[in-house]
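Please look at the structure below with its charged side chains in mind. The paragraphs that follow go through some of their pairings one by one.

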Amino acid sequence: MGDVISAHLDESRRQFIAEKTSKVLADFCQFYEEQYGVALFNSVRYEIEGGGGPQPQLLHRKVPLEERTIFSGNVFQYLEENKKWRNRFSLVPHNYGLVLYENKLAYERGLQPRILINSAGYKILTSLEQYLELLNSNLPGPTPKSGNASILKCPTQFPLILWHPYARHYYFCVMTGKEQEKWRAVFQDCVRHCNNGIPEDSKVEAPAFTDAVRMYRQSKEQYGTWDMLCGNEAQVLSNLVMEELLPELKNMIGPRLKGKAQERHRVWIQVSDAVYRMVYDQTKARYDAAVTECDLQAPKLKSTIRTDMDQIIQSKEHLASKIRASVFSKAEICVRNHVQPYIPSILEALMIPTSQGFAEVREVFFKEVTDMNLNIVNEGGTEKLGEYMEKLSQLAFHPVKMQSCYEKMDQLKLEGLQQRFDVSSASVFKQRAQILMRQQMDDTVYTFETLLHQELGKSLSKDELCKAIQRIQERVLKKYDYDSSTVRKKFFREALLQITIPFLLKKLAPTCKGDLARFQELIFEDFARFILVENTYEEVVLQSVMKDIMMAVKEAAVQRKHNLYRDSIVMHNSDPNLHLLGEGTPINWGEEFGSQEESDPADEKQRRAKQVVSVIHTDEGTPSYDVTSLEASPDATEPEESEGGPTPTQGSPSSLKELRTMLVKEFHVESPVAVGGKAEEPLSNGTIIQESKGIAEHREEEKEKEAAPVIEEHLPEDSAECQRNVQEAKDATPADESPSPAVDRGSQGNHREPGDKETGEVATQVQEVKAEPSLENSPGVTDNSEGTQTQF
């Protein structure tokens, strides 16, 4: 552990930590075993009775990121071991685990990565002031003065800090503000994905776990939302233990922390991280054992449920009627006095940013397809179709292009409601809405490419292909409008329940909870695993407020204020064979519509495995600091100037109006640039990530591909009809939808390929920074620690 950590975590304290962790886990596992039976019963009942909401119109992609790499590039990292900055090659694989290599050459040679980071529970900070404020609020003992220096000195004005309340912190920096925004978008994407670590497709384990966590916290008088319900199950439980353990450790260790504020900060972070890892290891083993034990009992429990389903349902309804007679009137009074007056204001606060975000998703998809259509028409039909569709298929997972959608949720403000309803912060709702946006974008893109692929079975001319793309785009957008309305209404209902139910339970607890024990005798012993008094009581409380919530959402839909379809409007599946198309094999656009040259299947698979989705570039003024990508899109970056290169494209649309005007005038086409990357071995999301397997053979560096110059030309005369159709498609927006303002997007000139020294020494660049500590990156220098550091 090191001398400093060992001094504060001696054998007696480690024993105390282990005993405290065991106690919390024992109590939790009792709740989990109870909730597992209830969740299993609900799953089997749903399987038998069916149900659910309207059938979605869009298709759902099963494996959206197979053999893909989200992002790769170079970033400066601060190493606490030697207190120096190093240039690191960073890679974000398909599971959003952040991987850091010594340099790009080490990655290409298949060497072990330096650090693997799971970012669940982290916050992305972009200033040292924010970081110091959080450090001071979490440091045990008296709060240091606000003027104290930070724990580190950043050599640039653009830091990026990954902060966690319990685990180790990570420090990065970049050279420009543009790079900072792009890296921030990538890091936020990683955090958002890793926070959502509990799989939703699990119909038993996931609800059993989340309900057990909620019941455990309520047993400790902790109601309301919880920010640290993030990551996989072991991480969530570790956060649960640390929430109780850390205050006691602060009292024990805090008085022994000596020295200046910076040194106390550094020592406390190390101690907290060591404790978190101890707790995580113990938690994971105990939880895995509990899940295995419940899974062994599942077949017998399922048999009982299927045999006695009717009797179990009748017994539960009888129990619910008795509880309802006892508490429903009290609950209704509480709802009428303390909840009902605030539902419209809560709903309005949720609806505005959420609807703007989903409208932006629609706008981004519309613009990407329109740009693709223009480029295909100008470049000659299907020759470029595969290339553009490869990029479009990964649009939902593009950190930069989706950022304009995610940023809409930053407007969500729940101040004034947080204290009344015990909402710790709005981050829970922000991240949930952002995940739904990404899902809807991917469903929209997948539906579009499935329908387009079906249409391409016919022999289409250039004009016919243009018309087909427009027609399919309109068709898919109608499906998106319907599905996004359904998704948003469900999100609003769930968010309102998540805000109000804990408040009601807390309000009713003094008068109602004490009487619940007498209802236990109404449950047959054989059914006690499937019916719980506490769960039934919560369902009764939910029913008391559900009517008001449903009415509020229905009224919002009737007003059409935020482009919501009325509940009475049911869009039956107009494409009965569409979902059958979605069950087929994934479409390989590069293979079907790419280059006509013959290639070996193994080489093709390797090429696909090396693809990088993101379009993230750095300033041309930093020669030894490069960010690699496959695409050179005008949407990804703002105009940049480089010596000897073409000037930025002047015809790039900065608004939808300009884009439409250019449809009948002139436009520019920018050819994409391909740069090699390589897919990582899968990393287990949310756990202590296992080391990646090294690649035994040394691969030759790929040849640099020169970016094609920006082409400016007029539409051919024979495409006049196609132009008119494109214009009509752009104007064909739903009457009830108010278009969101277009995002100002710049254009980019030719892409600069990485130089020979991209991972070499940067001493000359460091001297220009003139800040301490200096940036270093000598190939012969390695960190003090050996091998790969596996991190959360």
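In this predicted model, the side chains of Glu263 and Arg266 come together in a salt bridge, with a distance of 3.1 Å from N to O. Both residues belong to helix H8 (residues 261-307), where they are 3 residues apart and therefore separated by about one helical turn. The two partners can also be described by their accessibility: Glu263 is partly exposed at 36% relative accessibility, whereas Arg266 has a relative accessible area of 17% and counts as buried, because buried means under 20%.

Side chains of opposite charge can pair when their charged atoms come close. A further example is the salt bridge between the side chains of Lys20 and Glu248, at 3.2 Å from N to O. This pair links distant parts of the chain, since Lys20 lies in helix H2 (residues 11-49) and Glu248 in helix H7 (residues 233-253), 228 residues apart. Glu248 is partly exposed, its relative accessible area being 30%.

Another salt bridge joins Lys513 to Glu534, whose closest N and O atoms are 3.8 Å apart. Lys513 sits in the loop between helix H15 (462-512) and helix H16 (533-559), while Glu534 is in helix H16, so the pair ties together parts that are 21 residues apart in sequence. Lys513 is partly exposed, at 30% relative accessibility, and Glu534 is partly exposed as well, with a relative accessible area of 23%.

Salt bridges can also share partners, and in this way Arg61, Asp442 and Glu449 are joined into one network. For the model as a whole, the count comes to 25 salt bridges.

Notes:
Residues numbered from 1 in each chain as written. Predicted model: local features only at pLDDT ≥ 70, side-chain atom pairs only at ≥ 80, totals over all residues. Heavy atoms only, no water. Salt bridge = Lys/Arg side-chain N within 4 Å of Asp/Glu carboxyl O. Helix = DSSP H or I, 4+ residues; strand = E, 2+ residues; numbered from the N terminus. Buried < 20%, exposed > 50% of the residue type's maximum accessible area, 1.4 Å probe, protein only.
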